[in-house]
2 protein chains.
Amino acid sequence: MNPDLMKERQNATFDVEKLTHILDGGPEKTKRRREIELMVLNDPDFKEEDPNFLSRSERYDQAVRKSAQMILKFREYGIADPEEIYCYKKFVDTDRPEPLDLHLGMFLPTLLNQATPEQMDRFFMPAWNLEIIGTYAQTEMGHGTHLRGLETTATYDPATQEFVLNSPTVSSIKWWPGGLGKTSNHAIVLAQLYTQGNCHGLHAFIVPIRDMNTHVPLPGIVVGDIGPKFGFNEVDNGFLKLENVRIPRENMLMKYAKVEPDGTYVKPPSAKLTYGTMVFIRSMIVGESARSLSKACTIAIRYSAVRHQSEIRPGEPEPQILDYQTQQYKLIPLLATAYAFTFVGQYMRETYQRISGDINEGDFSEMPELHALSAGLKAFTTWTSNTGIEVCRMSCGGHGYSRSSGLPDIYVEFTPTCTYEGENTVMMLQTARYLVKSYRQAKAGQQLSGIVSYLNEAEHRRVQPQPVAARPTVVDINDLASLVEVYKLRAAILVELAAKCIQQELQRRKSQEDAWNNSAIDLVRASDAHCHYVVVKLFTDKLGEIGDTAIHSVMSSLALLYALHGITHNSGDFLQAGLLSVPQVLQISIRIKELLSQLRLNAVALVDSFDLHDRNLNSVLGRYDGNVYENMFEWARRSPLNATEVHESYHKYLKPLRSKL
Amino acid sequence: MNPDLMKERQNATFDVEKLTHILDGGPEKTKRRREIELMVLNDPDFKEEDPNFLSRSERYDQAVRKSAQMILKFREYGIADPEEIYCYKKFVDTDRPEPLDLHLGMFLPTLLNQATPEQMDRFFMPAWNLEIIGTYAQTEMGHGTHLRGLETTATYDPATQEFVLNSPTVSSIKWWPGGLGKTSNHAIVLAQLYTQGNCHGLHAFIVPIRDMNTHVPLPGIVVGDIGPKFGFNEVDNGFLKLENVRIPRENMLMKYAKVEPDGTYVKPPSAKLTYGTMVFIRSMIVGESARSLSKACTIAIRYSAVRHQSEIRPGEPEPQILDYQTQQYKLIPLLATAYAFTFVGQYMRETYQRISGDINEGDFSEMPELHALSAGLKAFTTWTSNTGIEVCRMSCGGHGYSRSSGLPDIYVEFTPTCTYEGENTVMMLQTARYLVKSYRQAKAGQQLSGIVSYLNEAEHRRVQPQPVAARPTVVDINDLASLVEVYKLRAAILVELAAKCIQQELQRRKSQEDAWNNSAIDLVRASDAHCHYVVVKLFTDKLGEIGDTAIHSVMSSLALLYALHGITHNSGDFLQAGLLSVPQVLQISIRIKELLSQLRLNAVALVDSFDLHDRNLNSVLGRYDGNVYENMFEWARRSPLNATEVHESYHKYLKPLRSKL
């Protein structure tokens, strides 16, 4: 092992393994996770070539091979628990999205939720056995976020008892669904339902798209890959153009809404039932934000302990770059963020499970809050991690640009989370809608409960921003409870500011809708502050659950750093609202520096605790053993351009050129 | 043409062509640029396949082919003016770095600057005729920024009058030089010179690395490609391991330092002579920041005018996404930034040329200031553009992730500027060193001139941050001169804060070096504020040169938006220093919204003025004609995965799987 890393590990003030248990949710979970990882690791069927050395077609091919293997293994080993499937799959995929993701994550669950018993009989087992491979085709080339704008039509023909599906325009071509391009032979297609001359809005239809034996596209189906992307090289995101494609009436998913044989439309009993999936997926994305940022931090911090560069004191050996204050300032707040988001992810998962239970018993009361929370936190955490991953990459100097660092891949595989499952700005505005509504309820005298209960106090606060000196300051910058309070007040003030902005627009005779649009900047800002408060609060709450003194101490420092760093980066908000004084903001800067040098000592141990395996990091810079340079050289020599000593272009272009000049 | 774009263009309040002339530096320059672009465009030898559809080896191959063609064309058409070569090359490369970049941009210039007349005879013409293809090998696997840390050795052997070059460790292997992997047959190698038992530090040596006829690596040379990267797919960035490689004494570049045949070392007369190149390249990078951000803004703003999504008012057609305040808030400040950086780039180029003249006459007096300015502005502009490009990409929703958008490519080709030619944090600290030194000189009573002259006033200012109320506010938020002033004061205060921080560390008995490192966060912040001031100032100054009333008006709004947006994003600084009051910060937010809706009307015309050709944008979203969707579909169908209807993996893995389950 690299001696610098060894020294870092020896100097840690806490037990790394115990912290891993906390992150996994207990020692048994850690044990089981490692068992599963080992199953994959020791399985020769999952040996793979570094995708960076493959063409896109080869990457797709390798991914299909591994996915097919994985399905066999699930049967062989009887792995059926969703959590274990998830864990096994993550390790097989090495965190890369793959062609069967939508089959497993959308096609099968949609059948489970929306198919009639008869449809389950026809489709579920064939899909479970991968005879039917499905995807979920919603987004169109010209339509994403706004579902009502989708153009694909499904028109019922009572004469033949069939639906006729069409893509009436170029912009209506289905675009982006994973696995649609080459892998799937079926798609659940979202289309505007027309029957008896009326449009009944979006409904889901099971559409066969490729021949079950030859895999050739069926008549009327124009299907293919949408071409190379920023990441997602393993996935055949696809397009689908439907030209008078006829499917039997029974292929409409009819658990809720129905079309009778004569074309009579029967409405679904409730619209809330499909609500849950979205919330679940967004909650999962919060966890992904934590995981991706943790990976990036692990690589950057280990490398910063291994890399020596420049000099602080002349004549002395080059220091570890982790000793530079600027490097600490880049990485350690991100490390704190990775921990914060990990705990927020845990909270979201637990809350979702708790509320799911209520929903199954018909209690939807907590759903709006969870919906608003998951939307905002999805946006807040993905934006933060997205930027953070790039900071980590650039903190590794030139080598961060090499694919061998693993960092470019983490970024390109992660960044789509900012857009899919609800574009982030739209998500922030959804949360803002809930906040403004709650604020108005509180103002109207209603007593709010749950996470927005702080808006109850709105009436009692002086809401006009005011000079700092005029507001008595009671914040203790070393006390997390006090900082949670100050974040809460900031959120309350910014919600109020946004609500007043809407009010002012209305007074200028703007319509509700224009008033909303003209206040959108303030609304996003309010949502952001709300989410920031929630994260600081949940991190602080988590400390109460940590019994181990040494771990509690280092986690407290991390939480404090997270909170204080957030204040300096938004100091304008806190000063403007008079929540902090100028001397306090200066003190906070000094306190942050102390925390950085204190946490620097445990930085390597803190990333080790994430227990991310070298297989999934796939990074020469972030290797656990720290043997960076030998492995980078070894990796480079395997580059396909080195397959021959002389590239053919020399003979084709460069050598002939001489005679021409 | 897309009707939305047509309408946008009709509604513009100024003459797009006239603004293009201002950006090019005059109508003749615009004319000549377009002539050159047309030469490339109409030349069948430069037809190319979209690199996104090629393997890395094919991309490299295509790039070598185009470069070889280009060299022939230069001779054929007699293109020799550096500015015209640059313009022609940019259009041939479609802004992608290519394998011969270091030959043209570093190998030849280094010969010109550092070769003796005898060496010029031996090397220059063969290199000019591409018999010798060279690169510049400085960075090593373990050593980047800190040149003194480089490990490669060149030991003089007087017995044979040769230098013996060695890579003594893995970390000493030359790493990253462009064109080194496969293209070059020579490299200028930077190595520690040893002669007569003494080390004389870094010197440059011309090392043949491949056989001139067979192109096979020479004995003792281990050379190859360093493998795939985030971008730069056309370039064979390489590694070079030297194992007792002997070169004649005459291959050391000896215009300044020398080694006599007997091994006697002769020192160079001055170290300042190589100073200029670095400054020149950093100044050029400022221009690249402007160009890349302009491209990203062009794509995102045109697409935002074409794309309709969601609804503002129920029942009405989906609005252009450019009508959303949040979209304006993302893109229009970046548009203002692109203009600001364009003008800063012009200023840097002009200043460099002016000062170069002085230097040739032996006057180095302005050099330290230009050096500090180019370092800081390189970092400031590349960081800002780097983030800004990603904001543009994500503002395009899902399609921003497609390679057809052009945006991922702009990002990956641009982001290395944050690291190469001086890592950005290191650059900021170099500028800070100049600022702190200037501050101390001013404090010691010296009268500063040039751009740091504002530090002269330091003595007269109350430097302790203080409550807003205590400082009389005289800022007019609608007056650019007043805003320049407030940015200047912010910079002065932050320089002073950083200098005091160092002072306090010294008082705690820290060494100079530790005091510096422990103040690094504050130093970077001071540099950032200094650069921000310079940019606001140069943008404001530029307005004075614009005679056309309509253009002057829209440029003034852009400059105002740039300045005000910068304030809201750093409002903590301005409030903390008491430079602005809380009501002013609130007024600024309102004013920004007004400017957004005002500038939105001219947004498309403002990006049209950059006059970036579709060939170089290479974006279906950013096309001048706005025919986005048809072209996206057409592009996707050309994706290599669509070459066959059924991918072989179906027959290999998916079909056989059924029988096994």
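Me: In which strand of chain B is V189(B) found?

Reply: V189(B) lies in strand β5 (residues 186-195) of chain B, where helices (H or I, at least four residues) and strands (E, at least two) are DSSP runs numbered from the N terminus. This is a predicted model, in which local features need pLDDT of at least 70 and side-chain atom pairs count only at pLDDT 80 or more, while totals for chains, interfaces and linings use all residues. Residues are numbered from 1 along each chain as its sequence is written, chains are lettered from A and ligands numbered from 1 in the order in which they are written, and side-chain values use heavy atoms, with hydrogens and water left out.

Me: Is V189(B) buried or exposed?

Reply: Buried means under 20% relative accessible area, exposed over 50%, and partly exposed in between, with a 1.4 Å probe and protein chains only. V189(B) has a relative accessible area of 0%, so V189(B) counts as buried. With contact taken as heavy atoms within 4.5 Å, and with neighbours within four places in sequence left aside, V189(B) is in contact with residues including A137(B), L165(B), K174(B), F205(B) and L240(B). The C-alpha atoms of V189(B) and D236(B) are 17 Å apart, although these residues are separated by 47 residues along the chain.

Me: How many bridges join β1(B) to β5(B)?

Reply: Strands of a sheet pair through backbone hydrogen bonds, either parallel or antiparallel, and two strands are said to pair here if DSSP finds at least two bridges between them. β1(B) and β5(B) run parallel and are joined by four bridges, with G134(B) standing opposite H186(B) in β5(B). Within β1 (residues 134-137) of chain B, G134(B) and Y136(B) point one way and T135(B) and A137(B) point the other way, and all are buried.

Me: What is the order of the strands in the open sheet of three strands in chain B?

Reply: The order is β4-β8-β7 in chain B, with antiparallel pairing. The edge strands are β4 (174-175) and β7 (221-225) of chain B, each of which pairs on one side only. Two bridges link β4(B) to β8 (residues 238-242) of chain B in the antiparallel sense, and K174(B) stands opposite L240(B) in β8(B). Helix α21 (residues 628-637) of chain A packs on this sheet, touching β4, β7 and β8 of chain B, and its direction makes about 115° with that of β8(B); axes are lines fitted to C-alpha atoms, for helices over the stretch in contact, and angles run from 0 to 180 degrees between N-to-C directions.

Me: Which strands stand at the edges of the sheet in chain A?

Reply: Chain A has an open sheet of three strands in the order β4-β8-β7, with antiparallel pairing. β4 (174-175) and β7 (221-225) of chain A are at the edges, each with a single partner strand, so one side of each has no neighbour in the sheet. Helix α21 (residues 628-637) of chain B packs on the sheet and touches β4, β7 and β8 of chain A.

Me: At what angle do α13 and α16 of chain B pack?

Reply: Two packed helices are described by the angle between their axes and the distance between the axes. Helix α13 (residues 480-507) and helix α16 (residues 549-569) of chain B pack at an angle of about 30°, with axes 10 Å apart. Angles under 35 degrees count as roughly parallel, over 145 as roughly antiparallel, 65 to 115 as roughly perpendicular and the rest as oblique, and α13(B) and α16(B) are therefore roughly parallel to each other. Residues of α13(B) that take part in the packing include L480(B), L483(B) and V486(B), while A559(B), L560(B) and A563(B) are among those of α16(B). S482(B) also belongs to α13 of chain B, and at a relative accessible area of 12% S482(B) is buried.

Me: Which residue does UniProt list for "active site"?

Reply: The unreviewed UniProt entry lists E421(A); such positions are given in the numbering used here, feature names are shortened, and annotations may be inferred rather than shown by experiment. E421(A) lies in the loop between α11 (407-414) and α12 (424-443) of chain A, and its relative accessibility is 31%, so E421(A) counts as partly exposed. Leaving aside neighbours within four places in sequence, E421(A) is in contact with I281(A), R282(A), I285(A), K378(A) and M427(A). The axes of α12(A) and helix α15 (residues 520-543) of chain A come within 8 Å and cross at roughly 80°, and these two helices, α12(A) and α15(A), are therefore roughly perpendicular to each other.
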